[in-house]
Amino acid sequence: MITTKNLLIKPYSPEHSECFFKSITDNREYLYDYFTNMLKVNDSLEAAKKYMEQKTIDWQENKGFACAIFLKENNEFIGHISVREIDWKVPKGELAYFIFEKYSGNNYGAEALKAFKNWCFAKKKFNRLFMKIAVDNTASIKVAERSGFVYEGLLKKDYRKREEDLTDMKIYGYTEDLEFVRTTSQNTDFANLIVKLDENLASRNGDMQEYFNQFNKVDAIKHVIIAYINGVAVGCGAIKQFDNESVEVKRMFVSEEYRGRGIAYNILNQLESWAKELGYTFSVLETSNVQVEAVALYTRTYTVIENYGQYAGIETSICFKKEL
């Protein structure tokens, strides 16, 4: 399940059959232009049950991933989103979605699309998603553009609505270009990421975070790495001198929606390479035992050492060291 500010995005299951059939029947005229085939194969409750069963099988066999979109506040079914026609050699797939008419205009489409897109890249390791959108479907075009999809070209006479003439379709694609930038703690993007980091740490460490805050000041750090995806700052890390031979890794963070892509691992590698260029031989760092993702990351290449300096005697702290 994918959770956003307002939505719950759940894989289809047989228990969704009745609400799915009722909702698409109530919205038949609204959906007919662009989801004709879905309506045809769900023309009865029994057909909808078979549709749900097939979507469950497709998910299990990695042939497609279809989800129902619900409002978080009342668990009301408000739409559909899926990726299909998957080519695992790339991997890539075609993404489609709809929000029922009653709930359109509330930005739910963009919220669902961004979250589902991120899930596809983080959990299923897609390299490309694309959408086919009719040239006159201006609402969906706007949602695609707001969600990071880029216009790639025109498919002439590629789709027939109802019994009308063939319609041109626009192709919108999304790929992720990851870039690492060296900067300082004066960088605005770094400052914004640190706000998110401190909020996350406070929620995990509770009252102990006040103690740690005194060691996390960033106003004068000269060596900062920021990770950008398609120009958006999504993660960061920094190093500062620990002793004549060592640097200390500080302020490692990746925004929640971009986790699972190996970004933190790459930021750490970038920091270590920078430290070697500066002539350092070792890297040390500290993290809390409640930061389970961080502990898993560091134990891949670092060795646990006795807690150093200000972390000595702090039971929740774990300290690490690595030869560069």
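Helix α1 crosses helix α4 in a right-handed sense. This description rests on a predicted model. Helix α1 covers residues 17-26, and its axis lies 9 Å from that of α4, at an angle of about 120°. The angle therefore makes the two helices, α1 and α4, oblique to each other. On the α1 side the contact involves Ser17, Glu18, Phe20 and Phe21, which meet Leu45, Ala48, Lys49, Tyr51 and Met52 of α4. Sorted by class, the residues of this contact are six nonpolar, one polar and two charged.

Helix α6 spans residues 138-146 and packs against α5 at an angle of about 45°, the axes being 9 Å apart. The pair α5 and α6 is therefore oblique as well, and the crossing of α5 and α6 is right-handed. Helix α5 contributes Gly109, Ala110, Leu113 and Lys114 to the contact, while α6 contributes Val143, Ala144 and Arg146. Four nonpolar, one polar and two charged residues make up the contact of α5 with α6.

The table sets out both pairs.

| Helix pair | Angle between axes | Distance between axes |
|---|---|---|
| α1 and α4 | about 120° | 9 Å |
| α5 and α6 | about 45° | 9 Å |

The model also has an open sheet of eight strands with mixed pairing, in the order β1-β2-β3-β4-β5-β6-β8-β7. At its edges are β1 (2-3) and β7 (150-160), each of which pairs on one side only. Within the sheet, β2 (residues 7-11) and β3 (residues 65-71) run antiparallel and are joined by five bridges. Isoleucine 9 has isoleucine 69 of β3 as its bridge partner.

Two of the helices already named are in contact with this sheet. Helix α4, residues 45-60, packs on the sheet and touches β2, β3 and β4 (77-87), with its direction at about 120° to that of β3. Helix α5, residues 108-123, lies across β1, β2, β3, β4, β5 (92-99), β6 (128-134) and β8 (166-174), and runs at about 35° to β4.

Another open sheet has seven strands, again with mixed pairing, in the order β9-β10-β11-β12-β13-β15-β14. Its edge strands are β9 (178-183) and β14, and each pairs on one side only. On average, neighbouring strands of this sheet are turned by 30° against each other, with direction ignored. Strand β9 pairs with β10 (residues 223-229) in the antiparallel sense over six bridges. Threonine 183 has valine 224 of β10 as its bridge partner. Helix α9, residues 263-277, packs on this sheet and touches β9, β10, β11 (232-241), β12 (246-254) and β15. The direction of α9 makes about 155° with that of β12.

Asparagine 307 sits in the loop between β14 (303-305) and β15 (317-323). Its side chain reaches the backbone oxygen of tyrosine 311 at 3.1 Å. A polar atom of the asparagine 307 side chain also lies 3.2 Å from the backbone oxygen of serine 317. With neighbours within four places in sequence left aside, asparagine 307 is in contact with Ala312, Ile314, Ser317, Ile318 and Cys319.

Key
Residues are numbered from 1 along each chain as its sequence is written. This is a predicted model: local features need pLDDT of at least 70, side-chain atom pairs count only at pLDDT 80 or more; totals for chains, interfaces and linings use all residues. Side-chain values use heavy atoms; hydrogens and water are left out. Two strands pair if DSSP finds at least two bridges between them. Helices (H or I, at least four residues) and strands (E, at least two) are DSSP runs, numbered from the N terminus. Contact means heavy atoms within 4.5 Å. Axes are lines fitted to C-alpha atoms, for helices over the stretch in contact, and angles run from 0 to 180 degrees between N-to-C directions. Angles under 35 degrees count as roughly parallel, over 145 as roughly antiparallel, 65 to 115 as roughly perpendicular and the rest as oblique. A crossing is left-handed if the near helix is turned anticlockwise from the far one by less than a right angle, and right-handed if clockwise. Ala, Val, Leu, Ile, Met, Phe, Trp, Tyr, Cys and Pro count as nonpolar, Asp, Glu, Lys and Arg as charged, and the others, Gly among them, as polar. A polar contact is a pair of N or O atoms within 3.5 Å; within protein, one must be able to donate a hydrogen and the other to accept it, and residues adjacent in sequence count only if both atoms are side-chain atoms.
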